[in-house]
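Here is a friendly walk through the chain you are about to see. Have the sequence and the structure side by side as you read.

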Amino acid sequence: MPTNFNRSQLPLATTLARQISRQNLHNLNNVYWVGERSHSFLRRSFASIPMPAPAPGVHGCFRDATAWQEGTDDFRVWRRQHVLISIASLLEVYVKSAAIASFSSKPDLIDRSFSGIDSIEYLKFPEREKSHIKTLINDRADSFTNGLWKDRFRRMEIIFGSLDQRINDLEGGLQSIQNIRNKIAHAYGTVSYTHLRAHETLRH
């Protein structure tokens with residue numbers, strides 16, 4: 001039966017993956033700014049917060065305002081770090097989701113032998129997708145989230161053609177975020193780098 005479906009044109013102004021990513025990014029933005037706006041108030045609130053008496057098994061006892069202020073400063077650093085890690089992870093989830101959707105819609109992008117496959121059926125009924133096709137799609141999508149960003153962009157270009165210059169212009173910033181994210185994730189608590197100096201750009 002004829003259909004007017006056009007696989008190259010979005011039926012909505014955006015995609016489901018992008019909508020979900022934007023919502024999660026909105027939530028992370030709120031987490032970050034709630035902490036930033038309340039930090040100075042929280043830091044000087046020691047006298048107004050009931051503290052439990054020290055006892056075996058009792059946690060969260062701060063001996064004085066100085067100890068409390070040091071704790072709030074450390075919490076600020078931790079929150080900034082983990083917002084950055086979460087944003088970097090969110091971006092990779094979005095990139096992979098978008099890639100899987102693209103390859104599922106047009107499998108011959110990654111293997112010409114898949115030309116003629118009814119990809120619409122796979123999009124509507126993912127359980128019908130052949131296991132070897134699913135594995136290849138996931139592997140190729142994973143290649144967009146591994147390694148340096150310049151290499152990720154190059155892999156995208158091999159499949160999709162030249163990328164928009166606006167995307168290429170993001171490479172330096174994305175690589176900087178990845179470098180910071182990796183140092184936090186893999187060296188937390190071992191070097192002074194885990195404190196805030198490298199995270200000042202998160203304020204903007």
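## Threonine 72, a buried position

Threonine 72 is buried, with a relative accessible area of 5%; the cut-off for that label is under 20%. In this predicted model, threonine 72 sits in helix H2, which spans residues 65–105. What does threonine 72 touch, once its neighbours within four places in sequence are left aside? The answer is His39, Leu42 and Arg43.

## The chain as a whole

Stepping back, the chain holds seven helices and zero strands. Followed along the sequence, the pattern reads α-α-α-α-α-α-α.

Of the 204 residues in the chain, 26% are buried, and threonine 72 counts as buried too, at 5% relative accessible area. Among contacts with a separation of 6 or more, 60% link residues 24 or more positions apart.

## H2 against H7

Two packed helices are described by the angle between their axes and the distance between the axes. For helix H2 (residues 65–105) and helix H7 (residues 171–187), the angle is about 125° and the axes are 9 Å apart. That angle makes H2 oblique to H7, and H2 passes H7 in a left-handed crossing.

On the H2 side, the contact is made by Gln81, Leu84, Ile85, Ala88 and Leu91. H7 brings Leu174, Ile177, Ile180, Arg181, Ile184 and Ala185. Sorted by class, this contact has nine nonpolar residues, one polar residue and one charged residue.

## H2 against H4

H2 also packs with H4, at an angle of about 140° and with the axes 9 Å apart. H2 is therefore oblique to H4. Here H2 makes a right-handed crossing with H4, whereas the crossing of H2 with H7 is left-handed.

Which residues make the contact between H2 and H4? From H2 come Lys96, Ala99, Ile100, Phe103 and Ser104, and from H4 come Ile137, Asn138, Arg140, Ala141 and Asp142. By class, the contact of H2 with H4 has five nonpolar, two polar and three charged residues.

## The largest nonpolar core

Phe103 of H2, part of the contact with H4, turns up again in the largest nonpolar core, which has 15 residues. Phe103, Phe144, Phe153 and Met156 are the residues with the most contacts inside this core. The elements giving two or more residues to the core are H2, helix H4 (131–142) and helix H5 (149–160). H5 supplies the largest share, four residues.

Phenylalanine 153 is worth a look of its own. Not counting residues up to four places away in sequence, phenylalanine 153 touches Leu163, Ile167, Asn168, Glu171 and Leu174. Leu174 belongs to H7 and is also part of the contact between H2 and H7.

## H5 against H7, and glutamine 178

The axes of H5 and H7 come within 9 Å and cross at roughly 130°, which means that H5 is oblique to H7. Trp149, Lys150, Arg152 and Phe153 make the contact from H5, and Glu171, Leu174, Gln175 and Gln178 make the contact from H7. The classes in the contact of H5 with H7 are three nonpolar, two polar and three charged residues.

Is glutamine 178, at 13% relative accessibility, buried or exposed? Glutamine 178 counts as buried, because its value falls below the 20% cut-off. This residue lies in helix H7. Leaving aside neighbours within four places in sequence, glutamine 178 is in contact with Gly147, Leu148, Trp149 and Arg152. Glutamine 178 and tryptophan 149 are 29 residues apart along the chain, and their C-alpha atoms are separated by 8.5 Å.

## Aspartate 108, in a loop

To finish, look at the loop between H2 and helix H3 (119–124), where aspartate 108 is found. Aspartate 108 is partly exposed, with a relative accessible area of 23%, whereas threonine 72 is buried.

Where residues up to four places away in sequence are not counted, aspartate 108 touches Phe114 and Ser115. From aspartate 108 to serine 119 there are eleven residues in sequence and 9.7 Å in space, C-alpha to C-alpha.

Conventions. Residues numbered from 1 in each chain as written. Predicted model: local features only at pLDDT ≥ 70, side-chain atom pairs only at ≥ 80, totals over all residues. Heavy atoms only, no water. Axes fitted to C-alpha atoms, helices over the stretch in contact; angles between N-to-C directions. Parallel < 35°, antiparallel > 145°, perpendicular 65-115°, else oblique. Left-handed = near helix turned anticlockwise from the far one by under 90°. Contact = heavy atoms within 4.5 Å. Nonpolar A, V, L, I, M, F, W, Y, C, P; charged D, E, K, R; others polar. Core = buried A, V, L, I, M, F, W, Y, C linked by side-chain atoms within 4.5 Å. Buried < 20%, exposed > 50% of the residue type's maximum accessible area, 1.4 Å probe, protein only.
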